[in-house]
Amino acid sequence: MMNDRGSLRLGPDSPYSDASIYVDAVAAPRIVSRLRDALGLEDSGPELTVGPVRVEGEHNDYATGWHAHPSDFLQWPTVLECEARAGAPDEVVQAVTAVLEALWHGGFKAVAACDFEDELPAHGGIDRYPRPVFASGASAASSGSWWRNLMPPGKRKG
């Protein structure tokens, strides 16, 4: 779909329609509240609206507590589910970038997992944290998105 300015609008199956931001901190409501303050938003309640993106904080059901590897963000305790039903892809990227940067500036470890992570700063945050070294000596950087292999099958898309 096109808007008045001629830019592409999101469809129901757009790769820009959702993103998950994993945060290495407990208490999703506290994180959402800190984001609200950092971004100067007037929203109240358990979710935020950042541009065209609705952000809701939840406990990560795959969190393993203190036993998670420090770079295994898929097991961090909080996940922010970001959903965009409108807007252009560049607006969604800007909104998710704003959330990530607010988290980082607030001292939180955060990584986005989405189809457009390469368009986000630090590849969605993954470049900010150490990657595991595999037994063969190959680094994770040479093996593609190493974290996708860590994701439980129920969380994978497609």
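E56 sits in strand β3, which covers residues 53–59; helices (H or I, at least four residues) and strands (E, at least two) are DSSP runs numbered from the N terminus. The model is a predicted one, so to speak of local features takes a pLDDT of at least 70 and side-chain atom pairs count only at pLDDT 80 or more, while totals for chains, interfaces and linings use all residues. Residues are numbered from 1 along each chain as its sequence is written, and side-chain values use heavy atoms, with hydrogens and water left out.

With a relative accessibility of 26%, E56 counts as partly exposed, the class between buried (under 20% relative accessible area) and exposed (over 50%), with a 1.4 Å probe and protein chains only. Setting aside neighbours within four places in sequence, E56 touches P46, E47, V79, L80 and E81, contact being heavy atoms within 4.5 Å. The side chains of E56 and R54 are joined by a polar contact of 3.1 Å; such a contact is a pair of N or O atoms within 3.5 Å, and within protein one must be able to donate a hydrogen and the other to accept it, with residues adjacent in sequence counting only if both atoms are side-chain atoms. S20 is 36 residues from E56 in sequence, yet the C-alpha atoms are 9.8 Å apart.

As for the sheet, E47 stands opposite E56 in β3, and 4 bridges join β2 to β3 in an antiparallel arrangement. Two strands pair if DSSP finds at least two bridges between them. The open sheet has 5 strands in the order β2-β3-β4-β1-β5, paired antiparallel. β2 and β5 are the edge strands with a single partner each, so one side of each has no neighbour in the sheet.

Helix α2 (residues 89–105) runs for 17 residues and reaches 24 Å from first to last C-alpha, close to the expected 24 Å, where the expected span is 1.5 Å times one less than the number of residues. Its buried residues include V92, V96, L100 and W104, and their cover includes α1 (28–39), β3 and β4 (78–84). After α2 comes G107, with a positive phi near 90°.

α1 and α2 pack at about 105°, axes 10 Å apart; axes are lines fitted to C-alpha atoms, for helices over the stretch in contact, and angles run from 0 to 180 degrees between N-to-C directions. That makes the two helices roughly perpendicular, a label for 65 to 115 degrees, against roughly parallel under 35, roughly antiparallel over 145 and oblique for the rest. At this meeting, I31, L35, A38 and L39 of α1 face A98, V99, A102 and L103 of α2.
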